[in-house]
Amino acid sequence: MSSEADSALVRWLPSYGAMQTGTAAGFSTTAPLRGLAVQLTWFTGATVTSLLVFRRRVRARTVPLGERSRAPATPAE
């Protein structure tokens with residue numbers, strides 16, 4: 001058992017909420033809403049970050065529709 005297991009920093013790590021929720025679900029009859037809230041926060045943050053990175057990368061590689069007609073044609077082989 002770690003002496004830092006219940007510190008303020010550890011409570012905000014991604015796996016803390018899942019572990020607390022799993023442990024509470026197995027050994028109690030109440031739902032640990034704080035643990036679920038931490039997990040929901042991490043899930044939402046990871047999803048938004050992933051979507052923003054995906055959008056940025058996809059937009060950087062695509063050619064806008066209006067510029068396709070001005071692009072030089074490649075010779076047919």
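Tutor: Start with area. Accessible areas come from the Shrake-Rupley method with a 1.4 Å probe; for residues, only the protein chains shown count as cover. Here the protein chain exposes about 7,000 Å², and carbon and sulfur atoms supply 65% of that. This is a predicted model: local features need pLDDT of at least 70, side-chain atom pairs count only at pLDDT 80 or more, and totals for chains, interfaces and linings use all residues. Residues are numbered from 1 along each chain as its sequence is written, and side-chain values use heavy atoms, leaving out hydrogens and water.

Student: How many helices and strands does the protein chain have?

Tutor: Both are DSSP runs, numbered from the N terminus: helices are H or I, at least four residues; strands are E, at least two. The protein chain has three helices and zero strands. Its pattern along the sequence is α-α-α.

Student: Is Thr21 buried or exposed?

Tutor: Buried means under 20% relative accessible area, exposed over 50%, partly exposed in between (1.4 Å probe, protein chains only). Thr21 counts as buried because its relative accessibility is 17%. Of the 77 residues in the protein chain, 9% count as buried.

Student: Which residues of helix 1 are buried?

Tutor: An α-helix has 3.6 residues a turn, so residues three or four places apart point the same way. In helix 1, the buried residues are Tyr16, Gly17, Thr21 and Ala24. They sit on the same side of helix 1, because they cover an arc of only 125° around the axis. That arc is taken from the directions from the helix axis to the C-beta atoms. Ser15, Met19, Gly26 and Phe27 are exposed on the other side of helix 1.
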